[in-house]
Amino acid sequence: MSLAPQIPSFPPLETTNHEQLWERFCGLLWRDEALGFWLDASRMALSPEVLTSLQPRFEKAFAAMAALEKGSIANPDEQRQVGHYWLRTPSLAPAPAISEELQQQQQAMAAFAQGVLQGSVTTAAGQAFTDVVWIGIGGSGLGPLLVIHALQQTGVGLRFHFIDNVDPEGMGRTYGELGEQLKTSLVIVVSKSGSTPEPHIGMVQTRRRLEQSGSHWPAQAVAITVPGSKLDQQAASEGWLRRFALHDWVGGRTSITSAVGLLPGLLAGVPMEDFLAGAAAMDSVTREPVLCGNPAALMAAGWFVAGSGRGARDMVVLPYRDRLEVFSRYLQQLVMESLGKRCDRDGVVVHQGIAVYGNKGSTDQHAYVQQLRDGIDNFFVTFIEVLKDPAAGAALEEEDTPGDLLDGFLQGTRTALTEGGRQSITITMERLGPRELGALVALFERAVGFYGELVNVNAYHQPGVEAGKKAAAAVLSLQKQVAARLDATPRTVTEIAQAVGAPEQVERVFWILRHMAFNQPDLRVEGPWGQPRTLRFSKG
């Protein structure tokens, strides 16, 4: 295919020439009437020549994404397909059985949520559910958090509480906030395997609390996991309230249109069919194999050029709505876990990636925008705005509405950054609802896929994450060995490390002993902490 005729002509990025900026805006603006989306890439360092030079890469990227949707193996490390696109358009799945299963599960989730909200699904004591304790890590926590924060309306659906870390203080605070409501809480545990430590510990701690309150765990527990997994087997044998399937072809960072994102939305009273429809609609327009007619491709081109094809600039995400405050955190996993790779597909060390950070406007007018305007030029900004203001934003007497001020702050910041030679992309939505959020998520998912192809990295595996999990498991194993070796005889850190057969891990043993000393009263410590070599530890 040839994309050359479809690349528009537009002037260079002259930051003080307003006529040229207007011409660039008109030339690089993407708009979809049905979605109610605009994408403005005119303030990025794009030119017709640069876009033309990227055409061969994009031809390969379009072909690769088409193959991905048809079921090609995208994660060779685990021989896995990547099928999050099938979740919102089941007919795309490579096998009819998958399509049918997806449709049946979506119907089952909707029926279950309706039963919970209407009070026909209750606790063992016959009480209606009032709250949800959601236990998940990574995308299994961030996706639901985004859905709830962005879409749940006040007073609609169940109240949500998230356990997405193994911080004992954080878990204790959640249980304290729940109080007696824990007895009427639906506890949803998300884990593909059931052996990931963080959700497992969250489940064990919550179960203990629930059972201590006199409640019946199986009557309040729901599992979202891969069929046949350790968690699935446990839930089946104990007779948990419900089990919903995760699939091995859905990664955590792209699981928001699976049960991971749909079930919390349904329990919050959100019409998640609209969320799926928005994602499917954006998928459709981002399949268009035309560089400047495809918003995800245009975004990926902007990222590539801004970072010189090696992630030299960070992505600063500034959504100008409180309901999208979590979005930058969500994008951190989607973008950084997908693109942060040591080696490319050919095994060449490239250290690729795009760092993501952000908060919200206009808070950032008074935070780090000063550095963005005048400090080191190592970033590009992604502005996200919503045109339609709620009725509560009406003007008071002669004052501007809150929405007017918010729009003014966004435009002012965008202009100030351009005048300072800083690059930005602006995404504009007519309104923010389930359909628009689904489309927004799908836009970034596709842009990440395109960018991975441009820089020749696999966006769908995560060897660094797996390495971290293995290292954590090794520490926990060593911790048990250290605890077993402690007795009444005082020993140095070096002696204890030798006793457990890990003399080369003396520093790690010290860290373990230090944590144990502050949490186990029967562990005695002799000597000053500032001189680790002289410390002696004993127990009894």
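Which residue in β18 does Arg491 stand opposite? It is Phe537, and the strands around that pair are a handy way into this predicted model. Local features here need pLDDT of at least 70, side-chain atom pairs count only at pLDDT 80 or more, and totals for chains, interfaces and linings use all residues. Residues are numbered from 1 along each chain as its sequence is written, and side-chain values use heavy atoms, with hydrogens and water left out.

Start with the overall picture. The protein has 18 helices and 18 strands; helices (H or I, at least four residues) and strands (E, at least two) are DSSP runs, numbered from the N terminus. Its radius of gyration is 26 Å, close to the 24 Å that the globule rule gives for 540 residues, so the protein is as compact as a globular protein of that length. That radius is taken over C-alpha atoms, and the globule rule is 2.2 Å times the number of residues to the power 0.38. Along the principal axes, the C-alpha trace spans about 80 × 60 × 60 Å.

Next come burial and surface. Of the 540 residues, 50% count as buried (buried is under 20% relative accessible area, exposed over 50%, partly exposed in between, with a 1.4 Å probe and protein chains only). The protein exposes about 23,800 Å², and carbon and sulfur atoms supply 51% of that area; accessible areas come from the Shrake-Rupley method with a 1.4 Å probe, and for residues only the protein chains shown count as cover. As for contacts (heavy atoms within 4.5 Å), among those between residues at least 6 apart in sequence, 71% join residues at least 24 apart.

Back to the opening pair. An open sheet of three strands runs in the order β16-β18-β17, with antiparallel pairing. β16 (491–492) and β17 (523–526) stand at the edges with a single partner strand each, so one side of each is left without a neighbour in the sheet. Two strands pair if DSSP finds at least two bridges between them. β16 and β18 are joined by two bridges, while β17 and β18 (residues 536–539) pair over four bridges.

Asp32 has Phe37 of β2 as its bridge partner. The hairpin of β1 and β2 has four residues between the strands, and there Gly36 takes a positive phi near 75°.

The loops hold some backbone details too. Ser308, in the loop between α11 (295–306) and β10 (314–319), has a phi near 55°, a positive value in a residue other than glycine. Asn456 is another non-glycine residue with a positive phi, near 65°. Asn456 belongs to the loop between α15 (434–454) and α16, and at 24% relative accessibility it counts as partly exposed. Then there is the peptide bond from Gly361 to Ser362, which is cis, with omega near 10°; Ser362 is in the loop between β13 (356–358) and α13 (369–374).

Ser258 lies in the loop between β9 (242–245) and α9 (259–267) and, at 5% relative accessibility, counts as buried. Leaving aside residues up to four places away in sequence, Ser258 touches Leu87 and Leu246. Ser258 and Phe244 are 14 residues apart in sequence, with their C-alpha atoms 9.9 Å apart in space. Lys470, by contrast, lies in helix α16 (residues 463–485) and counts as exposed at 64% relative accessibility. The C-alpha atoms of Lys470 and Val349, 121 residues apart along the chain, are separated by 22 Å.
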